[in-house]
Structure formats: structure tokens, C-alpha cells
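Welcome, and please open the model in your viewer. We will go from stop to stop, with something to select at each one.

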Amino acid sequence: MTKVSLFRWKSLMLTTAFAGAMLAFSGCGGKDDPALPTSRNFKLTVSATGLSATDYDGATIAVAGSLLSSTESTLWKVNGQVRNNEKGISFTKAELLAGGTFVLESIRPLAVIDVTVSCTNFNEPFNLKIKTEVDGQVKENIDQAVTNSFEKHWQY
């Protein structure tokens with residue numbers, strides 16, 4: 001081997017060894033992996049008073065949940081009744097007018113829980129009560145007079 005080809009061969013081997021070492025030490029380590037969310041039980045209690053069927057008031061409460069590893073789509077019960085094949089539940093103004101108080105509960109522990117509340121009011125104020133609980137602990141307890149608009153979003 002000539003000095004030039006020996007130098008090229010050593011350079012190639014050194015570069016290959018360096019690249020191999022970089023790949024070996026840059027792999028995913030246990031410390032870098034994100035922790036999986038903890039599954040929890042969820043409960044929402046909601047009621048609205050003072051809503052008027054003739055006003056242009058608006059109220060929507062939407063809740064969605066997800067399991068970590070299952071494609072199960074029955075996740076909720078409302079006022080004790082299981083709601084089959086529903087990963088998300090929403091309550092509209094019409095339901096709030098007709099129903100009084102709603103109690104929404106997860107029927108199995110959920111990894112992700114998303115709650116959105118959106119209310120508008122153009123006439124007389126109405127009152128909205130919302131309580132959220134995660135594993136039996138109260139997270140939110142709101143008693144809100146809606147005079148114009150009210151929006152909230154929570155993720156657990």
C-alpha cells in the first residue's frame with residue numbers, strides 16, 4: 001500500500017468508527033422517553049338555570065376521553081345510563097333546558113380527558129354550575145353567572 005492509500009484507508013476507518021460510536025451513544029435512553037399518562041376516573045356535574053328557550057343564549061359543554069391502549073369506544077355514563085359507542089359527550093342548550101342537572105362519569109379509567117365549555121348570552125343572564133372531579137378529588141367548582149360569554153377548557 002502506498003502512503004496516500006494507507007492514509008485514505010485509515011481516514012475511512014476512523015470516520016466509520018466515529019460514526020458508529022455516535023450512533024451507538026445517541027440512541028433513545030430511558031430518561032428521554034416521555035412518561036405515559038396515568039389513567040384516572042373522571043366525573044362532571046353540570047347544570048344551568050335561567051336559560052331561556054326564546055333568547056339567543058347558547059351553551060355547550062363537551063367532554064372527550066381516551067384510553068391508553070384500547071379501541072374501546074364506550075367510555076361514559078350520563079345520569080347512571082351507559083352511553084354506548086361514544087368517546088365524547090356533549091350537552092347543548094336544549095338538553096340543559098330540559099334536563100336540570102347532568103352527572104357524567106367515566107366507566108373506566110381514562111388516560112386523556114378533555115373538557116370544553118362555551119356559553120354566550122345576549123339577553124338576561126343565566127347561571128352555569130360545573131364541577132369536575134378526577135379520582136374523587138374536586139378539580140374545578142364553578143358557579144358562573146353568564147352575562148356575555150364564558151369559555152373554559154381543561155385537560156386532565
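This is a predicted model: local features need pLDDT of at least 70, side-chain atom pairs count only at pLDDT 80 or more; totals for chains, interfaces and linings use all residues.

Start with the aromatic rings: there are three aromatic pairs, where rings of Phe, Tyr and Trp (its six-membered ring) pair if their centres lie within 6.5 Å. Strands are DSSP runs (E, at least two residues), numbered from the N terminus. Phe-42 and Trp-76 are both buried, that is, under 20% relative accessible area, with exposed over 50% and partly exposed in between (1.4 Å probe, protein chains only).

Residues are numbered from 1 along each chain as its sequence is written, and side-chain values use heavy atoms, with hydrogens and water left out.

Next, show the strands as a cartoon. Six strands make an open sheet in the order S4-S3-S6-S1-S8-S9, with antiparallel pairing; two strands pair if DSSP finds at least two bridges between them. At the edges are strand S4 (81-83) and strand S9 (137-146), each pairing on one side only. On average, neighbouring strands of this sheet are turned by 20° against each other, direction ignored, using lines fitted to C-alpha atoms as axes and angles from 0 to 180 degrees between N-to-C directions.

Now zoom in on S1 and strand S8 (residues 126-134), antiparallel neighbours joined by eight bridges. Select Thr-45 and you will find its bridge partner in S8, Lys-131. Then pick Ser-47, also in strand S1 (residues 42-49). Is Ser-47 buried or exposed? Ser-47 counts as buried because its relative accessibility is 12%. Beyond its neighbours within four places in sequence, Ser-47 is in contact (heavy atoms within 4.5 Å) with residues including Gly-100, Asn-127 and Leu-128.

Leaving out residues up to four places away in sequence, Leu-128 touches Val-46, Ile-61, Val-117 and Phe-150, among others. The largest nonpolar core has 31 residues, and Leu-128 is listed with Phe-42, Leu-44, Phe-91, Val-115 and Val-117 as having the most contacts inside it. Such a core is a set of buried Ala, Val, Leu, Ile, Met, Phe, Trp, Tyr and Cys residues joined through side-chain atoms within 4.5 Å.

From Phe-91, look along strand S5 (residues 88-91): Ile-89 and Phe-91 form its covered face, Gly-88 and Ser-90 the uncovered one. S5 pairs with strand S2 (residues 58-66) in the antiparallel sense over four bridges, and Ala-62 stands opposite Ser-90.

Finish with the charged side chains. How many salt bridges are there? The count is two, with a side-chain nitrogen of Lys or Arg within 4 Å of a carboxyl oxygen of Asp or Glu. One joins Arg-83 and Glu-86 at 3.2 Å, N to O. Arg-83 is partly exposed because its relative accessibility is 25%, and Glu-86 is partly exposed at 24%. Glu-133 and Lys-131 form a salt bridge too, their closest N and O atoms 3.7 Å apart. Here Glu-133 is buried at 12%, whereas Lys-131 is partly exposed at 28%.

Note on methods: Rings of Phe, Tyr and Trp (its six-membered ring) pair if their centres lie within 6.5 Å; planes under 30 degrees apart count as stacked, over 60 as edge-to-face and the rest as tilted.
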